[in-house]
Structures are given as C-alpha cells and as structure tokens.
Amino acid sequence: MSPAILLSFLIGYFLILIIIAFATSKKSSDNATFFIANRNSKWYLVAFGMIGTALSGVTFISVPGEVGAPSGNQFQYFQFVLGNAIGFIIIATVLLPLYYRMRLTSIYSYIEQRLGFYSYKTAASIFLISRTIGSAFRLYLVVIVLQRFIFDSYGIPFWATVLISLGLIWSYTFKGGLKTIIITDTLQTFFLVLSVFLTLYFICSSLNMDIPTAFESIKNSGYSKIFFYENFLTSDFYFSKQLIGGIFVTIAMTGLDQDLMQKNLSMKTIGEAQKNMFTFTGVFVVLNIFFLSVGALLYIYATKNGIEIPLDHVTGKPRTDFLFPEIALNHLSVVPAIVFMLGLTAATFATTDSALTALTTSFCVDFLHMDKENAPVVHETTDKESMAAADRQHKEAADKKSKAAVSKRHMVHVAFSLLMFVVIIIFNAFNDESVVKGIFKVASYTYGPLLGLYSFGLFVRKRGLHDKLVPLICIISPALCYLLNANSATLLGGYKFSVELILVNGLITFIGLLLISKKTDLQTKF
C-alpha cells in the first residue's frame, strides 16, 4: 500500500473535520458552547458519537490483535464488556440524575459541595493527571502505527508526527469545543463502524467465505471461547474478575470522568441523557462482538497465508498490535487498506479530541472557575437613564470579561496539547512496551480514589471529612494498591489481580476517608 495514497487520504479527512468545525462554531464560540454545547445537544447524536470516544484506536487494533495472542486470550475480553454494560446502566440510573439535579458543568463540583475544597481539587487533579497520561498513551500506540506505515517513508521524525497529529486535533476543536466534537465524533463513529463491517466483508472475501460461513468458522476455531472459569487464583481471564473489573472500571473511568460525562451533561433533560446512555450501551456491546470477530478472522487469514505476528522494531518480540495493520496495509487490496486507515484514524482522534476538550474544561472550571456567572446589576437609583447607562456599562464589562475568558481558554487548550506532546515523547524515549504500559497502568490506579471519594459522598450520611487530609489518602491508596498487586501471590496464597484491582483501590480509599471523617449534624442533600 503506497504511503502517498494513505497520506493523501489523511489530509482529505482532516480537511473535512476542519470545515465542520468552522461551520459549527461560526455563530458562537464562547465558553458555554465549548464546555457544554449550550445544553442543547441531540441525544441520538451524542449516543452514536460516544462510541467513537469509548472505542479508542487502541481498541481498534489491540482487541482484534489479542484474540490470538500466545497468552490464549480468545474472546475473554467480552466478559469485561459485559461488566462495562452493567457499569453504564449504573451510571445512567445513579450518577446522571445527581449531575443533572445539580446542573453541573464539571462533575467534580459535586465533591466540592459535598466534601470540601481540598477534596474537590484532589478529584479534579486526579482526572487531569490520569486523563493526560491515558490519552497520551492511546495516541502514542496509534501514532507509532502511522509512523511505521506512512511517515517513515518520508523521513519524518516521530516527534513531528506527534506534533502534526495534535496540531490537527487542536485546529478543529479550539473554537467550538464540545459543540464541534459532538458533530465530528458522530461522523468519525460512522467511519469507525463502517470500517469494522467493511473489514469483515473484505477478509471474508479473501477467505472465500460469506458472512454466515465466516461466523461458523469463528465458532469452530480455537479463538471463540468467551467465558473462563479455570484457575481463579492465577488467571487474569477468570469470569468474575473480568465482570467485576468491567463494572467498576466503567463507573470510575466513565461515570467519574469529565471526558465522557461532559457529553451527557450537554443535553436538555435527564431523560434524554439516560436515553443516550442506554442506546450507547447496546451499540457498544454489539460492536465489540464484531471487533472480536475481526480478530478471529485476522488469525484465520494469517494462518492460511503463512503470515506471522510482526516483530516490534525495538524489542524484536512479536507484537499483536501490528497484525491488523500488517494484513490490512500489506496483504489486502487498496480499498481495504484505506478502510482500515479510516477506522483507525476515526477511533484515535474521536478519543483524543474529546479528551483535550474535557481537560481544558476541567482546568477552566475547576481551577480558573470560568463557570461562575457574572453578578447581576444592582441599581441604586430609580432614574431610568441612569439605570440604562448602568446596564450598558455592565454589558460592556461582561463582554470584555467573556472575551478575556475565551482567550484564557485558548491558552489552556494549547497548553494541554503541548503537555500531551511531551508525555508522548517521554513514552517514546523509553522504547520499552512493558515500561510504557506500566506507566499507563499506574495512571489507571488513580481512578480508584475517585471511586472512593464519590462512594463516601453518596453513601455516608451525616459525616464530613477532615478535608485537608484527603489528598494524602488519595496518594496512599494507589501506592498501597500497587504494592498489594506486586506482592499478591505471596500475601494472598497465589492470587493474581486483574482489572478488579480498581475495586480494591476504591475500597482502600473509602476506608481511609472513614478514618479521617467526623460526625456532622448536617444531612447531605446530594
């Protein structure tokens, strides 16, 4: 597949996104538009667009790649997806009503009102750190694919590829923010879903199978096992670990994450927001079945054609992330290659653009307090001319303040783009997949304290906190969790943690908060 064709396609793709961005932000690009799309989003657009945000480029290439991994993954990931679905339902029925009742722009404002100033800043800081590292990690894994199959051919260095990618994302999000992203993510999700189904079709055609025959082949292959009940102590794939982990990872990393919740807060009513979440959940589950099916067909195709899992240039070890791009770009025809690149690009940038907007929103609201409304004019005279003059002065001052706030928001947006650039360059400097994944895993630990904070706020009545001690608890908890995970085999009779570790993390935080809590006569409303 010619790198020139793929590059031309990418340029055309981003031109479309930039045109959409300027069209959607033409009438308004103020902070209310950027943060919550003026609370006027259509639920069906948000539901569909959230698919692209939830299914990152890592999902697009890693989930299919891991189906035939030497560790015997097969369809075990679907156990985790079932847990995700339960988590989404809990978010829709427990958290969304809370957020709408309080009319929040940043979901961490709840922590301020319920637990206090330091708890609030801690929660917002956890999100900023975790989402920056997590989004940089996801973009990094996809940029190395773009680098390998396109930009290496032109001698363009890795840092330039990263800068170009982030610059393009910034160019179509900096004005309209969430309002723009709801439209562009809908388009990108369409491309993502289309690419999954077209990829299935093209691989089936290459294997001389129709769709029913292909699914029968997958069922009879060695890749289709979903439920794992062997080796509870040592297996990462054990059903209860994956299901419980899926539930609480979803609650923490979606329901307590400004990124995905920001879109849900942009609708007029809680009913529309819940309708969005339920619809999104159904599509999410079905689409993951197709992702796993693509993975099985990739390995069937690779076996038939003698294709081995590509080696990582640095470690020299087989890397399953590269199997999908290797087959799509080097073994199928031009159209499947373009379809693959379309899906990969859509999945990657739908995730990253949303993250940059959420990071900017959180910092502007939680640390710069840009959501505070202008104080109303208080007239000290009944003279109509004087009152009119005072109103004009107030409006001029408010307009000036609004323009200054927008300029400040632009600076924050640029700063987070540059911060993500630096983090990706640091990832690349390690040149070690295990180290990079380790950093990402440590970052994922920080969502556990969010789980503990919100659980305390929601379920512990008539108790407040010694607020200044909360940051310390939220540092100690993931540190203890990391040590417990590293030594679980020795301490717990051979038990090996999987994704359910986030529940333990949240529980440690919750216990720590109870230890620093105090009785209060105030009954919380929230």
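1. In helix 18, residues Y447, G448, P449, L451, G452, L453, S455 and F456 meet I502, L503, N505, G506, T509, F510, L513 and L514 of helix 21; contact means heavy atoms within 4.5 Å. Helices (H or I, at least four residues) are DSSP runs, numbered from the N terminus. The residues of this contact divide into 10 nonpolar, 6 polar and no charged. Here Ala, Val, Leu, Ile, Met, Phe, Trp, Tyr, Cys and Pro count as nonpolar, Asp, Glu, Lys and Arg as charged, and the others, Gly among them, as polar.

2. The model is predicted: local features need pLDDT of at least 70, side-chain atom pairs count only at pLDDT 80 or more, and totals for chains, interfaces and linings use all residues. Residues are numbered from 1 along each chain as its sequence is written, and side-chain values use heavy atoms, with hydrogens and water left out.

3. Helix 18 (residues 447-459) and helix 21 (residues 501-515) pack at about 50°, their axes 7 Å apart. Axes are lines fitted to C-alpha atoms, for helices over the stretch in contact, and angles run from 0 to 180 degrees between N-to-C directions. The two helices are therefore oblique to each other, a term for angles that are not under 35 degrees (roughly parallel), over 145 (roughly antiparallel) or 65 to 115 (roughly perpendicular).

4. A second pair is formed by helix 7 (residues 117-149) and helix 8 (residues 158-173), whose axes come within 10 Å and cross at roughly 115°. L139, Y140, V143, I144 and Q147 in helix 7 meet F158, T161, V162, S165 and L166 in helix 8. This contact comprises 7 nonpolar, 3 polar and no charged residues.

5. The count of salt bridges comes to 3, each a side-chain nitrogen of Lys or Arg within 4 Å of a carboxyl oxygen of Asp or Glu. R131 pairs with D257, the closest N and O atoms being 3.1 Å apart. The two residues are 126 residues apart, R131 in helix 7 and D257 in the loop between helix 11 (239-255) and helix 12 (258-264). R131 counts as buried at 7% relative accessibility, and D257 is buried at 0%. Buried means under 20% relative accessible area, exposed over 50%, and partly exposed in between (1.4 Å probe, protein chains only).

6. D236 and K496 also meet in a salt bridge (3.7 Å, N to O). D236 is partly exposed at 27%, as is K496 at 41%.

7. Q79 lies in helix 5 (residues 77-101) and counts as buried at 0% relative accessibility.
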